[in-house]
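This briefing takes up a charged surface patch and the pairing of aromatic rings. Please look over the sequence and the structure before reading on.

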Amino acid sequence: MTIAIEESHSEPMGYQAPDSFARFLADLKGVAREERQPLINPKLFASALSMDIQTLASHAHVHRTTIYRAQGAEKLQRFLREALRVLGAAADINGDFHDALFWFRNEPIGAFDYKTPEQLVSEGRADDLLRYVKALQAGVVG
């Protein structure tokens, strides 16, 4: 499997989010295998979410050059792992990965002062968000 990821300092190219979360994880694993590093590729992640590199860096609380020069930086990888946890839960509940991506990036949640899931993960509140998602699934939250 070869996924084109642009190495220059412009935006990621070519990769579009697949139809399922499982396929997205498989693509991330494939790139990690090719690069021989057990890391989530931030450029592939950003491309799948139609997110520019500066926004990803801002949400991960790293400098944008970290995306290119230090992909294994703990702050960056922590944000990516937490975002994947939330996206996985949202896709499981919703059943549609593209809807989960839209929700993650764009939908404000009243219970969290109308912040988006993306903002909450950036603030380190993935566990709170996952509890909320589980409550939605259980029918507790309306």
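Glu107 is partly exposed, because its relative accessible area of 35% falls between the limits for buried (under 20%) and exposed (over 50%), taken with a 1.4 Å probe and protein chains only. The model is a predicted one, in which local features need pLDDT of at least 70 and side-chain atom pairs count only at pLDDT 80 or more, while totals for chains, interfaces and linings use all residues. Residues are numbered from 1 along each chain as its sequence is written, and side-chain values use heavy atoms, with hydrogens and water left out.

**Surface charge**
- Glu107 sits in the loop between α6 (97-106) and α7 (117-122), helices being DSSP runs of H or I with at least four residues, numbered from the N terminus.
- Together with Asp19, Asp96 and Asp99, Glu107 forms a negative surface patch, a term for residues with over 30% relative accessible area and no salt bridge, like charges being joined within 9 Å; a salt bridge is a side-chain nitrogen of Lys or Arg within 4 Å of a carboxyl oxygen of Asp or Glu.

**Aromatic rings**
- There are six aromatic pairs, counted where ring centres of Phe, Tyr or Trp (its six-membered ring) lie within 6.5 Å, with planes under 30 degrees apart called stacked, over 60 edge-to-face and the rest tilted.
- Phe24 and Phe45 form a tilted pair, 6.3 Å centre to centre with 35° between the planes, and both residues are buried.
- Phe112 and Tyr132 are edge-to-face, because their planes stand at 75°, with centres 5.5 Å apart; Phe112 is buried at 9% relative accessible area, as is Tyr132 at 16%.

Note on methods
Patch = residues over 30% accessible without salt bridge, like charges linked within 9 Å, V, L, I, M, F, W, Y side chains within 5 Å. Areas by Shrake-Rupley, 256 points an atom, 1.4 Å probe, with all protein chains shown as cover. Lys, Arg positive; Asp, Glu negative; His and termini not counted. Charge placed at Lys NZ, Arg CZ, Asp CG, Glu CD. Helix = DSSP H or I, 4+ residues; strand = E, 2+ residues; numbered from the N terminus.
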